[in-house]
Amino acid sequence: MHIPDGFLSPQTYLPAYGVAAAAWYWAARGLRQSLDEQTVPKLAAMTALAYGLGLIMVPIPGGTSGHALGIAMLALLFGTRLAFLSYSLVLLLQSLLFGAGGITALPVNALAMGLLGAWSAVGAYQILRNVSEALAVAAAAWLSVMVSGLAVALVLGAQPLIAHGADGTPLFFPFGFSIVLPAVLLPHALIGVGEALLTLFVWRFARKRNWCPA
């Protein structure tokens with residue numbers, strides 16, 4: 001669900017950079033204490049997996065692309081802060097090397113997928129873990145996709161209201177909420193199912209190797 005360059009107005013991406021900068025600063029605090037010789041290779045492997053998943057993109061209506069995220073597995077294994085930082089790096093590299101997403105859209109993509117996706121995954125897992133661990137992991141992954149998609153759709157759908165000409169013609173992204181919300185959320189509801197199955201597989205792999213937090 002990368003937003004490319006040219007779809008967001010400066011009224012959107014400039015404030016988003018300010019919010020994202022504050023979030024990156026928050027996430028980076030205490031980073032040295034979070035990383036050790038055991039965590040780094042695991043985090044690198046999972047970040048590489050998320051990077052690869054994000055490059056398998058399917059264009060969907062509404063101007064975005066659909067793909068698995070991998071943010072839930074990062075968040076469940078390493079926490080929200082490391083997941084957010086890792087996924088922000090993933091998005092930066094994808095935009096610079098492959099044109100997936102964009103530099104102007106980077107803060108919105110990072111906040112939507114890296115931060116909100118991670119928060120929603122951890123929250124869903126904490127609520128459901130006592131019911132069923134498998135259900136909690138699957139629900140966390142599905143919800144992370146849907147929350148990220150919703151955030152992206154809301155930002156895109158707001159563009160005609162934020163930036164338009166004197167005659168009301170949108171200057172950037174042309175479609176409103178009535179088109180963007182179903183166009184983004186319906187395909188991602190299906191993508192989320194695949195994300196849930198993949199995340200559950202990775203979680204069980206990690207569990208066997210004692211990677212999972214207590």
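Hi everyone, let's start at a glycine: just after α4, G79 takes a positive phi of about 95°. Helices here are DSSP runs of H or I with at least four residues, strands are runs of E with at least two, and both are numbered from the N terminus. Before we go on, this is a predicted model, where local features need pLDDT of at least 70, side-chain atom pairs count only at pLDDT 80 or more, and totals for chains, interfaces and linings use all residues. Residues are numbered from 1 along each chain as its sequence is written, and side-chain values use heavy atoms, with hydrogens and water left out.

So, how many residues of α4 are buried? Eight of its eight, where buried means under 20% relative accessible area, exposed means over 50%, and partly exposed is in between, with a 1.4 Å probe and protein chains only. Among them are I71, A72, M73 and F78. They pack against α3, α5, α6 (106-128), α7 (133-162) and α8, and contact means heavy atoms within 4.5 Å.

T199 counts as buried because its relative accessibility is 3%. Leaving out residues up to four places away in sequence, T199 touches A72, M73, V137 and A141.

Next stop, α3. Helix α3 runs over residues 39-54, and its 16 residues should span 22 Å at 1.5 Å a residue; the expected span is 1.5 Å times one less than the number of residues. The end C-alpha atoms are 22 Å apart, so the model agrees. Its buried residues are T39, L43, M46, T47, A50, L53 and G54. They cover an arc of only 115° around the axis, which means they sit on the same side of α3; that arc is taken from the directions from the helix axis to the C-beta atoms. If you like the geometry behind this, an α-helix has 3.6 residues a turn, so residues three or four places apart point the same way. The cover over the buried residues of α3 includes α2 (31-34), α4 (71-78), α5 and α8 (177-208).

A48 is also in α3, but A48 is partly exposed, at 47% relative accessibility. From A48 to Y87 is 39 residues in sequence and 9.9 Å in space, C-alpha to C-alpha.

Now for the surface. L89, L92, L93, L96, L97, F98 and I103 make a nonpolar patch of about 630 Å². Patches take residues with over 30% relative accessible area and no salt bridge, joining like charges within 9 Å and nonpolar side chains (Val, Leu, Ile, Met, Phe, Trp, Tyr) within 5 Å. The areas come from the Shrake-Rupley method with a 1.4 Å probe, and for residues only the protein chains shown count as cover. L89 belongs to helix α5, residues 80-98, and is partly exposed at 43%.

How many salt bridges does a search of the whole structure find? One, with a salt bridge being a side-chain nitrogen of Lys or Arg within 4 Å of a carboxyl oxygen of Asp or Glu. The partners are R207 and E133, at 2.5 Å, N to O. This pair links distant parts of the chain, with R207 in α8 and E133 in α7, 74 residues apart. Both are partly exposed: R207 at 34% and E133 at 32%.

Last one: N210, in the segment after α8, has a positive phi of about 60° although it is not a glycine. N210 is exposed, with a relative accessible area of 65%. Thanks, everyone!
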